[in-house]
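Me: I'd like to learn how to read a ligand site and a protein core from a model. Could you walk me through it?

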Amino acid sequence: DTRSDARISHLALDIGGTLAKLVYFSGNEKLLNDDRVQSSAEVGGRSSSILHGRLHFAKFETGKIDECVAFINSKELGSQHPKELGNGKIVKATGGGAFKFADLFKEKLDVCLDKEDEMDCLVAGANFLLKAVHQEAFTYIGGQKEFVQINQDDLYPFLLVNIGSGVSMIKVDGNGKFERVSGTSLGGGTFWGLGKLLTKCNSFDELLELSQQGNNRVVDMLVGDIYGGGDYNKIGLSSTAIASSFGKTVSANKVLENYRTEDLARSLLRMISNNIGQLAYLTALRFGLRRIFFGGFFIRGQCYTMDTISVAVHYWSKGDAQAMFMRHEGFLGALGAFMSYNK
Ligand code: ADP
């Protein structure tokens with residue numbers, strides 16, 4: 001059966017402000033450990049062996065939701081897929097797009113989006129990954145990635161910081177026990193949006209790539225710039241500490257075109273990551289939490305982003321709190337929606 005690798009037994013969606021995430025399961029027993037199944041997940045670039053079958057991950061730009069619809073259409077929602085009585089198939093969905101695009105999914109795919117709360121899904125997805133998936137969480141310190149095996153009895157409480165278009169900070173105390181305690185609008189959407197305007201980059205990955213070649217010191221005002229090259233010892237600020245992000249761009253004789261796009265991208269990435277790291281630390285401090293897990297597609301496994309966040313958390317907490325990242329960072333909500341079939 002050449003078409004069976006396209007058959008989906010369960011599908012769930014998380015349609016956010018920027019990206020639509022899909023998690024789907026092809027659980028046909030015949031296909032157990034079959035390589036062809038893996039190849040059907042090329043869009044997301046990742047798949048994991050879980051349960052008896054395969055869980056696939058894919059993402060699309062929310063602005064091109066038609067591509068997402070076409071992708072689902074190219075697959076076959078198998079006969080095991082949950083159905084509404086007398087109606088079309090039900091697909092669990094979370095994120096704002098579950099509301100915004102409900103009519104579109106009904107019209108184009110005869111699929112009824114069954115809405116699940118976004119925070120419920122984020123937490124359920126994170127809890128599942130941290131408990132059930134080997135080598136999910138890791139620290140990133142001094143360029144070294146180190147997986148952390150978390151003792152299940154010692155997982156809670158923790159702070160979950162999801163960096164999507166915007167940022168949510170959630171104090172998690174157990175399964176289904178959580179509170180959204182903070183957040184900031186300076187998130188992934190800010191980096192991507194401002195970055196696009198400043199550099200004219202056409203894709204997020206291009207912007208990230210550019211930022212890797214930049215030097216933020218050309219753009220940021222450092223303590224040393226203010227103190228004539230020296231440290232501000234009395235309060236423990238080194239000459240290389242950033243006093244003001246983008247502070248040098250006030251220079252009277254320079255305009256945007258005089259700056260290298262690499263340096264602007266670097267400075268922007270550093271500003272956003274640093275700020276989120278600092279806010280995460282303050283939020284953790286407010287509730288006495290020592291572990292902070294970062295998720296969301298902004299991170300994108302990017303070394304400089306993770307390093308900046310880790311350094312911020314370490315610096316502000318004087319080593320008391322620890323930043324941890326997750327391998328399936330962008331799919332927490334979609335996984336949570338997927339798991340809600342079992343509720
Ligand atoms: P949301 O649910 O709000 O869409 P995500 O967790 O999907 O949030 O993260 C969206 C953010 O991820 C964007 O704001 C951007 O910073 C980053 N990002 C990573 N990859 C991409 C991409 N291919 N296209 C656009 N943004 C991306």
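Reply: Happy to! A word on terms before we start: helices here are DSSP runs of H or I with at least four residues, numbered from the N terminus. Keep in mind, too, that this is a predicted model.

Me: Which helix gives the most to the shell around the ligand?

Reply: That is helix 6, residues 188-199, with four residues in the shell. The shell has 18 residues, and those that come nearest to the ligand are G16, G164, S165, G188 and F297.

Me: How many residues of the shell are nonpolar, polar or charged?

Reply: Sorted by class, there are six nonpolar, 10 polar and two charged residues around the ligand.

Me: How many residues does each domain bring to the contact between domain 1 and domain 2?

Reply: Four residues from domain 1 meet four residues from domain 2. On the domain 1 side, two are nonpolar, two are polar and none is charged.

Me: What about the core?

Reply: The general idea is that in soluble globular proteins, nonpolar side chains tend to be buried together. Here the largest nonpolar core has 82 residues, with L13, V23, L160, V161 and I292 having the most contacts inside it. Helix 9 (residues 261-286) supplies the largest share of this core, 10 residues. Domain 1 and domain 2 both give residues to this core, so it lies between them.

Me: Which residues is V23 in contact with, leaving aside neighbours within four places in sequence?

Reply: V23 is in contact with A12, L55, F57, F331, A334, L335 and F338.

Methods. Residues are numbered from 1 along each chain as its sequence is written. This is a predicted model: local features need pLDDT of at least 70, side-chain atom pairs count only at pLDDT 80 or more; totals for chains, interfaces and linings use all residues. A residue is near a molecule or strand if its C-beta atom, placed from the backbone, lies within 6 Å of it. Helices (H or I, at least four residues) and strands (E, at least two) are DSSP runs, numbered from the N terminus. Ala, Val, Leu, Ile, Met, Phe, Trp, Tyr, Cys and Pro count as nonpolar, Asp, Glu, Lys and Arg as charged, and the others, Gly among them, as polar. Two residues are in contact if their C-beta atoms, placed from the backbone, lie within 7 Å. A nonpolar core is a set of buried Ala, Val, Leu, Ile, Met, Phe, Trp, Tyr and Cys residues joined through C-beta atoms within 7 Å. A residue is buried if 20 or more other C-beta atoms lie within 10 Å of its own, exposed if 12 or fewer, and partly exposed in between; C-beta atoms are placed from the backbone. Domain bounds come from an automatic or database domain assignment.
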